[in-house]
Amino acid sequence: MDPREKSGSQRNWLENILLKIPGFKGYLEKEYRRETDHLLRQFISQRLMEGKKSLRKATRAVTDAGKVKLLGGVTPVSNLLDQVESKIRYSSHGYSGFFDAVKVREAELDQLYAFDQAALQDVEELVAELATLRGLAKDADAFQAALDGCRDRLEALDSRWNDRENSIRGLAGE
């Protein structure tokens, strides 16, 4: 089942009554999409925080291995990870309220949802890459190469998320 659709069995009695009001069904469907978008972004944010834990473990492993020089590259990645995670967690919902003058249409909401799903895939790959860092702590070159790859992934994710936010602002400006 598409998570953007709330089944009839999950609706409360008030929602079922409201669905009978002309024009209100579309509003409720948009609300469900908005809720799903929010939940997906929260999940993405949680996954990034799990990646942050892996990065902290890698930092300890690097320190234990006596490769303290590598720590200089970890801090910028850690800071960027925090920045991207916060940006995703607190980003715009991509939907205006029922009585707002500007409306975001269903197709645009679906496009944002598809974008967020693709971002989730990118984040899953990043989290997996961050998890490998700890095992590379004794090999300075391999650790640095993997850390650089993580930074590149984060920068790309940050850029794509900026594009998402700009898209929402562009939609709201129509």
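I started at L14, which sits in helix α1 (residues 13-18). I keep in mind that this is a predicted model.

**Entry: the nonpolar patch**

I then found L14 in a nonpolar surface patch, together with W13 and I17. The patch covers about 350 Å².

**Entry: S54**

Next I went to helix α2 (residues 24-64), where S54 lies. Is S54 buried or exposed? I noted 17% relative accessibility for S54, so S54 counts as buried because the cut-off is under 20%. Leaving aside residues up to four places away in sequence, I found S54 touching L130 and A131.

**Entry: salt bridges**

I counted 13 salt bridges. Side chains of opposite charge can pair when their charged atoms come close.

I looked at R151 with some care. R151 meets D148 in a salt bridge at 3.0 Å, N to O, and R151 also meets D152 at 3.7 Å. D148 and R151 are three residues apart in helix α5 (residues 140-172), so about one helical turn separates them. I checked the exposure of these residues too: D148 is partly exposed at 24%, R151 is partly exposed at 29%, and D152 is partly exposed at 42%. I then saw that D148, R151, D152 and E155 are linked in a network of salt bridges.

**Entry: a buried pair**

I ended with R164 and E165, which form a salt bridge with their closest N and O atoms 3.1 Å apart. R164 is buried at 2% relative accessible area, and E165 is buried at 9%.

Note on methods. Residues are numbered from 1 along each chain as its sequence is written. This is a predicted model: local features need pLDDT of at least 70, side-chain atom pairs count only at pLDDT 80 or more; totals for chains, interfaces and linings use all residues. Side-chain values use heavy atoms; hydrogens and water are left out. Helices (H or I, at least four residues) and strands (E, at least two) are DSSP runs, numbered from the N terminus. Buried means under 20% relative accessible area, exposed over 50%, partly exposed in between (1.4 Å probe, protein chains only). Contact means heavy atoms within 4.5 Å. Patches are made of residues with over 30% relative accessible area and no salt bridge: like charges are joined within 9 Å, nonpolar side chains (Val, Leu, Ile, Met, Phe, Trp, Tyr) within 5 Å. Accessible areas come from the Shrake-Rupley method with a 1.4 Å probe; for residues, only the protein chains shown count as cover. A salt bridge is a side-chain nitrogen of Lys or Arg within 4 Å of a carboxyl oxygen of Asp or Glu.
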